[in-house]
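Reader: I have a structure on my screen and would like to go through it with you. Could we begin with its surface and then turn to the details?

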Amino acid sequence: MAKPVSIEVYNPNGKYRVVSTKPMPGTRWINLLVEQDCRVEICTQKKTILSVEDIIALIGDKCDGVIGQLTEDWGETLFSALSRAGGKAFSNMAVGYNNVDVNAANKYGVAVGNTPGVLTETTAELAASLSVSAARRIVEADEFMRAGLYDGWLPNLFVGNLLKGQTVGVIGAGRIGSAYARMMVEGFKMNLIYYDLYQATRLEKFVTAYGQFLQANGESPVTWKRAASMDEVLREADVISLHPILDKTTYHLINKERLATMKKEAVLVNCSRGPVVDEVALVEHLKQNPMFRVGLDVFEDEPYMKPGLADLKNAIVVPHIASASKWTREGMATLAALNVLGKIKGYPVWSDANRVEPFLNENAPPPAASPSIVNAKALGLPVSRL
Ligand SMILES: NC(=O)C1=CN([C@@H]2O[C@H](COP(=O)(O)OP(=O)(O)OC[C@H]3O[C@@H](n4cnc5c(N)ncnc54)[C@H](O)[C@@H]3O)[C@@H](O)[C@H]2O)C=CC1
Ligand SMILES: O=C(O)C(=O)CO
């Protein structure tokens with residue numbers, strides 16, 4: 001039996017008990033729950049990743065809903081515990097929900113929420129930052145300065161890659177992949193090649209229109225191409241950014257064989273999920289190809305890195321911070337809380353999870369709906385007409 005975990009309580013006499021497995025940024029999410037008669041319990045335990053046992057102890061005998069984190073293993077054990085405690089709602093504070101067994105949630109009739117949209121631009125901005133930092137060797141150059149090694153300008157000092165006119169490749173051109181593509185095309189005038197299971201029509205239209213605008217102003221137009229296969233992107237692009245979901249079709253999408261098909265001086269960025277890349281193969285490839293560079297926000301066995309990665313100058317590594325802007329993290333907390341609240345109150349599910357702005361407006365009450373429930377169809381939940 002796990003030891004009881006430390007908690008902070010808001011509105012102790014609230015009718016519905018909602019547990020958050022972590023303190024989350026901002027106070028709006030707490031206020032919204034309290035205003036709707038929820039007792040809010042926040043786990044304040046000084047342990048970064050809670051175990052299944054810790055979370056079972058938090059759920060206790062009576063719990064209406066839980067807001068959880070992407071580091072937690074939400075499967076059969078936790079959904080059955082939540083169901084036994086009378087709970088019918090769970091939300092990840094994340095858009096990705098590969099840590100959640102949705103079939104297990106369905107079995108216990110638990111709604112599973114996520115937080116799309118609010119983090120799209122923030123995540124794309126980090127991917128763009130990693131792309132530029134890797135192409136222009138910014139982290140290496142910073143370390144060099146701090147080490148007191150700079151003794152004057154040199155023609156060959158930290159020479160990197162020019163982005164303008166090169167090709168950016170996007171794998172997974174959904175919300176974040178498309179936002180990233182626009183940044184690289186518009187900001188650096190790169191040509192686009194992308195691979196996705198679906199056509200990114202709006203993205204294609206944007207690049208076409210931007211190309212026409214450039215041409216009308218006497219500049220070379222940018223172009224786009226939807227690749228027939230992922231391998232085409234890997235062969236042709238100079239900078240490649242990964243933005244698919246993690247599932248069995250994307251596990252180790254980038255492996256030894258595919259790395260070998262990429263340009264020797266390519267830049268690879270991963271802000272999706274670590275297991276999309278075979279990290280052992282990547283370390284080996286980086287060792288063999290010093291001009292190949294990567295920017296990684298996510299890792300195969302977070303929080304660990306595969307042996308050798310941290311020693312490589314051609315790798316930039318940051319600790320899963322792609323969505324870490326204040327506005328975004330507060331918004332993610334709000335969406336997660338409203339997902340849980342909506343199910344508890346019997347509200348319908350918002351009709352378009354890509355249009356979550358009404359829930360984020362601090363000057364107006366949020367719509368009476370759950371912003372994004374991924375298993376709404378499977379549970380037969382009603383859809384909002386708002
Ligand atoms: N590093 C970080 O902090 C963050 C990471 N993420 C990750 O990014 C992922 C994407 O988020 P969104 O863009 O909002 O989701 P999305 O659902 O809008 O986009 C995912 C895209 O991947 C495509 N896709 C799925 N399987 C594929 C395959 N086998 N090959 C190629 N494309 C495939 C889908 O068709 C879709 O267009 C999340 O699931 C999450 O894992 C999201 C936010 C922050
Ligand atoms: O939302 C996600 O999926 C993340 O990885 C963190 O923002």
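Author: The protein exposes about 18300 Å², and carbon and sulfur atoms supply 54% of that area. Accessible areas come from the Shrake-Rupley method with a 1.4 Å probe, and for residues only the protein chains shown count as cover.

Reader: What kind of model is this, and how is it numbered?

Author: This is a predicted model, in which local features need pLDDT of at least 70 and side-chain atom pairs count only at pLDDT 80 or more, while totals for chains, interfaces and linings use all residues. Residues are numbered from 1 along each chain as its sequence is written, chains are lettered from A and ligands numbered from 1 in the order in which they are written, and side-chain values use heavy atoms, with hydrogens and water left out.

Reader: How many helices and strands are there?

Author: The protein has 14 helices and 13 strands. These are DSSP runs numbered from the N terminus (helices: H or I, at least four residues; strands: E, at least two).

Reader: Why does the radius of gyration agree with a compact globule?

Author: A compact globule of 386 residues would have a radius of gyration near 21 Å, and the protein has 23 Å, which agrees. The radius is taken over C-alpha atoms, and the globule rule is 2.2 Å times the number of residues to the power 0.38.

Reader: What share of the residues is buried?

Author: Of the 386 residues, 51% count as buried. Buried means under 20% relative accessible area, exposed over 50%, and partly exposed in between (1.4 Å probe, protein chains only).

Reader: Let us move to β12. Are its faces covered or open, and which residues lie on them?

Author: Both faces of β12 (residues 293-296) are covered. Arg-293 and Gly-295 on one side, and Val-294 and Leu-296 on the other, are all buried. In a regular strand the side chains alternate between the two faces of the sheet.

Reader: Which strands pair with it, β12?

Author: Strand β11 (residues 267-270) pairs with β12 in the parallel sense over four bridges, and Val-269 has Gly-295 as its bridge partner. Strand β13 (residues 315-317) also runs parallel to β12, joined by three bridges, with Ala-315 as the partner of Val-294. Two strands pair if DSSP finds at least two bridges between them.

Reader: What lies in the loop between β12 and β13?

Author: Pro-303 lies in that loop, and the peptide bond from Glu-302 to Pro-303 is cis, with omega near 10°.

Reader: Now Ala-124: is it buried or exposed?

Author: Ala-124, found in helix α5 (residues 120-135), is buried, with a relative accessible area of 0%.

Reader: What is Ala-124 in contact with?

Author: Leaving aside its neighbours within four places in sequence, Ala-124 is in contact with Ile-176, Ala-179, Tyr-180 and Met-183. Contact means heavy atoms within 4.5 Å.

Reader: Which residue other than glycine has a positive phi?

Author: One of them is Asn-11, with a phi of about 55°. Asn-11 lies in the loop between β1 (7-10) and β2 (16-20) and counts as partly exposed, at 27% relative accessibility. Another is His-252, with phi near 50°, in the loop between β10 (239-242) and α10 (256-261).

Reader: Lastly, which residues does UniProt list for the NAD-binding domain?

Author: For "domain: D-isomer specific 2-hydroxyacid dehydrogenase NAD-binding", an unreviewed UniProt entry lists residues 130-322. UniProt positions are given in the numbering used here, feature names are shortened, and annotations may be inferred rather than shown by experiment. The end C-alpha atoms of residues 130-322 lie 10 Å apart.
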